[in-house]
Number of protein chains: 2
Amino acid sequence: MTESSTSYTDVLIVGAGPSGLMAAYWMARCGVNARIIDKRGTKVFTGQADGLRPRTLELLDSMGVVHRALHEGCEAAEFSFWGPGEDGRLKRQEQHPIHDANASPFGNCLLNQGRIERFILDAIKDCSDLEVERGVIAESLEYDETLENSGDAYPITVTLRTLSEEEANPSPTGGSGGVRNGLFRSNITSDDWDDLIKRSKERPGNVETVKAKYLIGCDGAHSWTRKQLNIPFEGSTTEHIWGVVDMVPITDFPDIRRVCTVATEHGTLLVIPREKQLVRLYLPLQAVDGTSASLDRSSITLDMIRKKAKQMLKPFDFDFKICDWWTVYQVGRRLASNFTKGRIHLAGDAIHTHSPKAGLGMNMSMQDGFNIGWKVALVAKGIARASILATYELERKRTAQMLIDLDRRLQPLFVKEQEGDAAESTAPSNGNETLVDVIQLSIAFANGYVCHYGPSPLVHKGGEPIAANLIPGERFPPAKIRNQADGRAWWTTHLFTSDGRFRIVLLAGDLRREDQMQRVVTFSTHLASAESVLQRYRPEGEKLDSLIEVITIHSAPVQETDFFDFPEMLRLFDQERGWAYDKIWSDDECLWDRQSTGKAYGTWGVDKTRGALVILRPDQHIGWVGDIEDVDGMTGYFEQILQTP
Amino acid sequence: MTESSTSYTDVLIVGAGPSGLMAAYWMARCGVNARIIDKRGTKVFTGQADGLRPRTLELLDSMGVVHRALHEGCEAAEFSFWGPGEDGRLKRQEQHPIHDANASPFGNCLLNQGRIERFILDAIKDCSDLEVERGVIAESLEYDETLENSGDAYPITVTLRTLSEEEANPSPTGGSGGVRNGLFRSNITSDDWDDLIKRSKERPGNVETVKAKYLIGCDGAHSWTRKQLNIPFEGSTTEHIWGVVDMVPITDFPDIRRVCTVATEHGTLLVIPREKQLVRLYLPLQAVDGTSASLDRSSITLDMIRKKAKQMLKPFDFDFKICDWWTVYQVGRRLASNFTKGRIHLAGDAIHTHSPKAGLGMNMSMQDGFNIGWKVALVAKGIARASILATYELERKRTAQMLIDLDRRLQPLFVKEQEGDAAESTAPSNGNETLVDVIQLSIAFANGYVCHYGPSPLVHKGGEPIAANLIPGERFPPAKIRNQADGRAWWTTHLFTSDGRFRIVLLAGDLRREDQMQRVVTFSTHLASAESVLQRYRPEGEKLDSLIEVITIHSAPVQETDFFDFPEMLRLFDQERGWAYDKIWSDDECLWDRQSTGKAYGTWGVDKTRGALVILRPDQHIGWVGDIEDVDGMTGYFEQILQTP
């Protein structure tokens with residue numbers, strides 16, 4: 001059964017791992033005509049990545065699914081550093097809490113990748129009919145550069161082929177290098193199972209030509225898309241061989257349920273507590289026989305991993321009977337020289353690979369997909385100018401480079417180098433830099449509190465220092481604030497939904513003061529005028545807040561202000577739904593919620609009386625900061641990036 | 001297509017509303033052979049009850065689904081009392097926060113009943129194959145009292161009939177009194193929709209004879225089961241007619257997103273903010289034409305409700321265009337004279353009806369089903385003695401009576417009585433008692449912080465006052481405590497899973513003290529002995545903690561104690577899963593979680609050094625409290641209620 005047909009889509013996403021799904025979320029949420037394919041016949045169920053950093057959890061919150069990750073996942077509460085004591089015995093050397101409640105609503109959450117993919121799939125299902133086409137590969141790619149600047153053209157032509165069941169579901173003992181991936185089905189939950197059953201009913205064999213306006217390649221480290229574009233993937237595969245195992249430990253090691261590094265003469269072991277009593281271990285294997293260079297990856301067995309772990313955790317007892325998944329990998333540190341070619345963008349492992357020790361691979365990949373997703377969605381819809389797409393590489397290449405640098409610094413601290421290679425040896429310290437140092441110094445980057453996005457049409461640096469801690473390019477620092485109409489306390493990460501809208505956040509200051517109220521009234525009067533960006537960029541037939549939403553956060557107590565005191569433009573009236581009660585908020589302490597402290601203005605570095613004006617991009621990154629009077633600055637921001645309808 | 005057959009089930013539940021589903025949850029969780037039927041062809045999707053009180057949310061937490069209710073529901077943060085000011089104009093008179101963070105992890109959550117049923121259905125699905133058989137009614141019931149005391153007998157015989165589609169899904173404009181229930185499908189979410197599709201494929205027409213050991217009748221105010229048993233339903237239907245409407249308001253009433261009572265010359269309006277911008281209004285209708293006695297319920301239209309609401313909220317503007325559901329009801333206040341007959345138990349509206357004004361109907365029904373469910377499950381499994389079933393009526397009839405009394409006290413404060421009936425008139429005050437008074441006085445009962453369960457084999461009153469605030473019969477006061485092995489902070493409501501197990505909670509005190517450690521070691525040595533209840537009541541072939549789980553909560557900081565310092569009996573070793581890291585906890589302050597204050601011992605009224613010993617029933621109610629040495633008291637508790645395997 002082989003057919004050939006041609007179809008059209010605005011956006012084609014190749015690969016439905018974490019980065020592809022994040023990009024697909026935006027297509028679903030923004031109503032973009034899109035397709036997403038994946039060569040595997042099913043989603044993953046066990047193993048792979050397993051850590052969600054605070055910033056990624058914030059993204060999931062803005063997508064409405066974080067509660068599921070927190071419910072199913074394992075919070076990593078504490079980090080312990082173990083190493084030999086004076087007597088040579090393993091000893092806990094330091095212990096730190098992981099979650100900085102002042103930096104994010106969320107700590108670190110550990111859960112297998114398959115569940116995280118499920119949550120994104122469900123978020124997609126909740127707002128669209130977009131489904132992943134599984135067991136489908138792209139076979140050829142043509143890109144017609146002459147059509148690149150014609151908005152409605154389809155410069156991309158891809159041939160898709162539906163795989164047979166055998167091709168889409170390779171035997172776990174086969175495949176490259178013969179390494180077993182241990183795809184046990186025990187971990188499959190009922191919502192995944194429904195999908196599996198459905199899949200089994202679909203028939204393979206179709207060949208189809210797809211013409212697309214945009215393509216996002218999220219097809220992993222061996223990216224087919226990247227290869228078609230001849231984009232170099234620079235770096236090297238080192239000789240270090242690592243084992244990873246997800247198992248239920250039987251041990252008297254006291255910190256087996258904490259994140260630990262355990263530095264030993266055999267290298268450094270990484271312990272990651274997980275959901276369902278699982279623990280993941282990462283361990284260097286090249287010392288199994290002392291000659292890593294000659295070690296064949298495919299020759300490694302689960303028992304070799306077990307033996308190594310036993311050896312490293314001595315004098316504690318260690319063993320396991322239940323193993324959920326295990327694998328062996330070689331550290332490769334590579335960066336694509338370009339993330340973008342014309343209307344084709346790459347994301348995730350297709351553009352950066354590194355060891356999993358920093359616990360950042362999936363997070364970075366998800367953040368890549370999140371970053372390119374909203375930009376392509378808004379451009380494909382004709383809302384934003386195509387020029388904003390250039391910011392993708394600008395923003396994400398720097399973070400990818402930082403990640404690879406971090407991985408490079410961590411590497412010697414984990415690996416006991418080959419005998420005789422004294423230069424880079426002996427964990428836990430490398431020169432003057434210890435593992436504790438590196439982790440502490442990189443924590444803000446690793447957790448996603450800072451990302452260093454550079455200046456661009458989407459990020460206006462400079463301006464008045466009226467909001468010391470609202471840095472254009474960075475994410476909006478989360479705070480829990482209270483709704484003026486109902487008194488509830490909400491995290492800004494939940495309020496600023498990832499729905500494709502830009503937001504003007506009016507930090508209105510203290511409206512009990514007459515002069516401040518006057519400033520806010522003047523600003524609102526501008527918003528209501530025909531010159532305001534709300535009016536000028538309002539898509540035809542849509543509501544006034546459909547592309548740019550105005551959210552007001554004032555600094556007076558809820559009890560001393562009234563929802564109806566605020567100008568009408570700040571609480572838009574809708575003929576069917578009445579006043580918008582979700583637009584006006586207060587940085588007020590909440591008696592029954594200790595997370596809502598009334599100190600958000602302080603966190604943001606904004607004057608409680610005079611406030612400030614902030615533009616947030618659809619991904620909650622700060623685009624611009626100005627004074628409440630700086631209507632020109634605000635307008636200029638949007639003029640550079642939006643298309644007039 | 002009509003067939004007849006006979007089948008057997010241990011437990012038959014008639015009615016799959018909130019109380020029936022809660023009972024069914026226990027059957028699913030405990031692995032009881034059970035069936036549950038409902039006459040309606042589908043679950044409800046809109047309207048009906050909508051409020052979850054803190055205690056009910058705690059139950060959902062122990063069932064693993066509270067995160068979904070909190071995510072979808074609307075937190076009711078503040079309660080406002082409105083009434084005429086000195087100038088006669090409506091004025092906010094008082095405002096109070098609703099959530100007392102010291103009393104429960106949860107506040108009040110508002111969400112339509114259909115979603116709450118969905119969460120319980122999913123909790124059932126997660127642990128069993130038990131499914132609600134919809135469009136099925138019970139047609140005849142026989143009860144053979146002579147078999148009542150034969151453990152394995154089936155004294156109950158019920159004939160079930162599968163309804164036709166038409167019978168199971170009566171037209172919303174038809175039915176009793178011609179009142180439209182506005183079953184709009186707009187509110188159906190995707191997880192409900194899957195069920196609907198599935199339902200439509202099933203065929204009606206079967207007749208089946210079912211023999212059951214136990215029956216739980218959860219079939220509503222007009223309970224067929226109750227009628228078969230000739231149990232009187234005492235009380236009366238008053239003449240007060242109320243309207244209820246779920247709509248999206250268009251109004252400038254400032255507290256429309258807060259819970260409010262609005263006292264006017266036309267009676268008192270109740271405002272309940274809800275999910276998805278909905279607001280529910282309850283309003284007395286008998287004054288529409290001034291002569292309630294002659295008002296025909298079926299003659300009331302949505303426009304009459306609209307008109308009344310507009311009138312009551314003056315001088316504020318009020319209207320709506322989107323209506324999700326509305327209905328009209330008459331206040332009936334009735335209590336079944338018996339909740340139990342032999343092996344047949346009634347729960348929910350089948351045993352108590354009252355007005356919805358206290359916002360307690362669904363909560364009480366869920367708590368009924370929860371209470372009878374675990375008892376029937378454990379008795380049906382042969383684990384507990386049949387005598388514990390008598391505690392159901394003892395415990396729940398008193399709370400039902402209290403609820404009806406509360407409703408009776410609230411009634412005159414809401415209704416503007418008929419002209420000329422001066423004795424009971426004029427909201428908001430009735431005699432010296434105001435609405436604020438009644439609500440404040442009843443809050444601990446309404447929220448489920450107290451329930452006044454009387455002494456029984458399941459509740460041993462008295463004993464030493466070593467835990468001032470751990471009152472046998474009451475729920476265990478929730479606290480957030482830290483896990484010894486991983487440092488995470490958990491609510492006890494989540495830790496004490498509703499899985500059918502009793503729990504011995506060892507409040508171990510301060511184990512840094514040698515003498516206290518000795519007390520704990522002595523206790524643990526007893527637990528390990530052949531005489532301990534763990535050993536004596538351990539079901540054959542099951543793990544030592546399968547029926548009675550020991551949880552230790554000590555009072556020293558996590559950092560100053562070690563998991564492996566605790567006696568082995570407190571952290572049971574499993575051949576496959578190693579040590580039980582989820583058994584040992586600390587009442588320690590958590591740096592990154594402000595809810596974990598390290599003050600739980602204080603809340604419980606327990607000495608931080610010496611601790612106490614507590615038995616929790618499977619529903620987290622306190623069964624017994626004693627000293628750590630009082631092994632006899634502890635043993636005696638279990639001897640009265642459990643069967644030796």
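User: Why is strand β29 (residues 612-616) of chain A largely enclosed by the rest of the structure?

Analyst: This is a predicted model, in which local features need pLDDT of at least 70, side-chain atom pairs count only at pLDDT 80 or more, and totals for chains, interfaces and linings use all residues. Residues are numbered from 1 along each chain as its sequence is written, chains are lettered from A and ligands numbered from 1 in the order in which they are written, and side-chain values use heavy atoms, leaving out hydrogens and water. Buried means under 20% relative accessible area (1.4 Å probe, protein chains only). Strands are DSSP runs of E, at least two residues, numbered from the N terminus. Five of the five residues of β29(A) are buried, so the strand is largely enclosed. A:Ala612, A:Val614 and A:Leu616 are buried on one side, and A:Leu613 and A:Ile615 on the other.

User: How is strand pairing read, and which strands pair with β29(A)?

Analyst: Strands of a sheet pair through backbone hydrogen bonds, either parallel or antiparallel. Two strands count as paired if DSSP finds at least two bridges between them. Strand β24 (residues 502-509) of chain A pairs with β29(A) in the antiparallel sense over five bridges, where A:Leu506 has A:Leu613 as its bridge partner. With strand β30 (residues 622-626) of chain A, β29(A) forms four bridges, again antiparallel; here A:Val614 is partnered by A:Val625.

User: What lies between β29(A) and β30(A)?

Analyst: Five residues separate the two strands of this hairpin, and A:Gln620 in the turn has a positive phi of about 70°.

Methods: Buried means under 20% relative accessible area, exposed over 50%, partly exposed in between (1.4 Å probe, protein chains only).
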